[in-house]
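Here are some notes to read with the model open beside you. Take the points in order, and find each residue on screen as you go.

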Amino acid sequence: MKQSTTTDWVIETSGLTKAIGRKALVQDLNLRVGRGEIYGFLGPNGAGKTTTIRMLLGLIRPTRGSVKLFGRELKSNRIEALRRVGSLVEYPSYYGHLTGRENLEAVRRILGVPSSRIDEVLTIVRLTKDAKRPVKGYSLGMKQRLGIATALLGNPELLILDEPTNGLDPSGILEMRELIKSMPQQHGITIVVSSHLLSEIEQMATQVGIIAQGRLIAQESIGALRGRSKGRLSLRVGAVPQATKVLSAIGVQAESAAAAESSRTGAAYDENANRILVDSVDDEIAAYYVRTLVESGIEIYRVEEVRQSLEDLFLKLTDGEESL
Amino acid sequence: MWAVLRSEWIKWRKSPILWLIFVSPALCSLIGLLESDDMSSGNQWDQLLHMMGVMHALLLMPLLTGVFAASVCRLEHAGGGWKQLLALPVSRGAVYICKFVSVMLLLLATQAVFLAALLLVGMVKGYTDPIQWSSLLFSLIGSWIACMPLAALQMGVSVAWASFAAPLAINAIFTLPNIIIANSERFAPYYPWDQPVLVMLSQQLDDGPDAFHLSMTTLYTVISVSFILFFVVGHMYFRRKPI
């Protein structure tokens, strides 16, 4: 992990815990969000993402631990800190009987930013055309965009978006993703975006924190996370035991795919029969493996690269947590 | 604080709540117009205030107080507004105070419309007596102030309860026995739903032969103390409430 002084983190929590009765919803969270990052806060539903975000915004009080925003305790600097934060929690908030513009105006009066800012944010989320209609007639996607516009109204340095693509259709999701990705570049904003969908986080985040059952089980750059899910080489051969023996003779650890599968899921599948897995290697070395096997009289039917997807890693990380 | 209040105004400016300020004056005007004047002595305006004021202060003001309190909270409950509002750079205390002030301003507007309605009814009936402004204004402003404990109580209930109907139902249940309790000199001053009518009609009652024999000092003390109590408890609760 990057070594640095506390003031470099836009968000820093220490031992952040929220418990209701004896049940810990969030436990010992040590989040570190660096400036200019898009921090993907990933976890299954009910893992504690929203609870954490509510604590970050001071909407609920932590049972234990502390939250620092911009290097200062949230507890003693809440109003000052929130002036630099825009947020969208869980589902968009709105006043249905007011138009989009009036909704923004209600918030603008509290933030004290110039009226022209309303036009700016409406343009950013492309709601200018619908700004004069009552919000109760908006689609969920439009309400979501209005929520983003509200979050952007105060020119925040930190944007906290909780499940911003929830309930959007595919084109809405794509649009939201492009919008989020453009912010740090165009406006220098740090973004925390939560989701239960890995694919989504993978496509926009630069930094990932994975939460499961209230605990942070991984926190690293998206690159590092991808590195952890390295590929393997799969060989379908005539005889597994001999092939394993031949390979171990040249110092290569090979594993029967069926055994690997059954150790993971408790079941073996036909397609894994006759397959062995070795760590992924360069072309020349792969060719050397094949040559050795063929020269030892073992038939080779297929050679494939199997990438363990981030999905697998995510499942492995979260399942592992569940079985603890 | 001012900014929050201006933001509140945007929200209820176009809300149907605003029309409620005309309900009570309209109903009471009807009573004032239909009921025949008592020919006995006394200022005509005072009599009219009594006729119209009983309905207004005994029944409609307490109900409206509950409706206004529930409505300013419903604005936030309905669309998930609390979490957006309280994640803005405002203190929760200021938000609570502004919500309360909104309720009181709506009630004040109601009183103003009521005054206009009263004057209109008097003119229609062709009153010739001079208007006793001091007693008229005392009744209207006094009963408005007497709504404060109830408003504070209803604010607390409405903030705590996401439902719109529940605080209203409670308010209605406690408003209905008003007439009975108003006759009890022991309990009436302590009953927040009765305080507006007691203050509004205090002058007439004090003059009358069988007034409630209330000590006005007791009434004012109870109103002040209970307002502070209800308001502080609600305020404290709201500042700690998980959103």
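**Notes on the model**

1. Start with Glu163(A), which sits in the loop between β8 (158-162) and α6 of chain A. Helices (H or I, at least four residues) and strands (E, at least two) are DSSP runs, numbered from the N terminus. Glu163(A) is buried, with a relative accessible area of 7%. Buried means under 20% relative accessible area, exposed over 50%, and partly exposed in between (1.4 Å probe, protein chains only). Its backbone deserves a look too: Glu163(A) has a positive phi of about 50°, although it is not a glycine.

2. Before going on, a word on the ground rules. This is a predicted model, in which local features need pLDDT of at least 70 and side-chain atom pairs count only at pLDDT 80 or more, while totals for chains, interfaces and linings use all residues. Residues are numbered from 1 along each chain as its sequence is written, chains are lettered from A and ligands numbered from 1 in the order in which they are written, and side-chain values use heavy atoms, with hydrogens and water left out.

3. Now look at Asp28(A), a residue other than glycine whose phi is positive, near 45°. Asp28(A) belongs to strand β2 (residues 23-29) of chain A. At 42% relative accessibility, Asp28(A) counts as partly exposed.

4. Is Ala131(A) buried or exposed? Ala131(A) is buried, because its relative accessible area is 1%. You will find Ala131(A) in the loop between α4 and α5 of chain A. From Ala131(A) to Gly154(A) there are 23 residues in sequence and 18 Å in space, C-alpha to C-alpha.

5. Next come the charged pairs. Side chains of opposite charge can pair when their charged atoms come close. A salt bridge here is a side-chain nitrogen of Lys or Arg within 4 Å of a carboxyl oxygen of Asp or Glu. How many salt bridges does a search of the whole structure find? Over all chains, the search finds 19 salt bridges.

6. One of them is in chain A, where the side chains of Arg101(A) and Asp119(A) meet at 2.9 Å, N to O. This pair links distant parts of the chain: Arg101(A) is in helix α3 (residues 100-111) and Asp119(A) is in helix α4 (residues 116-124), 18 residues apart. Arg101(A) is partly exposed at 30% relative accessibility, and Asp119(A) is partly exposed at 37%.

7. Another salt bridge joins Glu175(A) and Arg126(A), at 3.1 Å from N to O. Again the pair links distant parts of the chain, with Glu175(A) in helix α6 (residues 170-187) and Arg126(A) in the loop between α4 and α5 (140-152), 49 residues apart. Glu175(A) counts as partly exposed, at 30% relative accessibility, whereas Arg126(A) is exposed, at 51%.

8. Turn to chain B, where Glu8(B) forms a salt bridge with Lys11(B), the closest N and O atoms being 3.0 Å apart. Why are the two separated by about one helical turn? Glu8(B) and Lys11(B) are three residues apart in helix α1 (residues 2-13) of chain B, so about one helical turn separates them. Glu8(B) is buried at 1% relative accessibility, and Lys11(B) is buried with a relative accessible area of 1%. Salt bridges that share partners join Glu8(B), Lys11(B), Glu76(B) and Lys99(B) into one network.

9. Stay with chain B for the record. For "transmembrane region", an unreviewed UniProt entry lists several spans of chain B, including residues 96-121 and 219-238. UniProt positions are given in the numbering used here, feature names are shortened, and annotations may be inferred rather than shown by experiment. In the model, residues 96-121 of chain B are 100% helix and 0% strand, with the end C-alpha atoms 38 Å apart. Residues 219-238 of chain B are likewise 100% helix and 0% strand, and their end C-alpha atoms lie 28 Å apart.

10. Leu30(B), Leu33(B), Leu34(B), Leu120(B), Met123(B) and Val124(B) make a nonpolar surface patch of about 670 Å². Patches are made of residues with over 30% relative accessible area and no salt bridge: like charges are joined within 9 Å, nonpolar side chains (Val, Leu, Ile, Met, Phe, Trp, Tyr) within 5 Å. Accessible areas come from the Shrake-Rupley method with a 1.4 Å probe; for residues, only the protein chains shown count as cover. Helices α2 (23-34) and α5 (92-124) of chain B each supply at least two residues of the nonpolar patch. Met123(B), in helix α5 of chain B, is exposed, with a relative accessible area of 61%.
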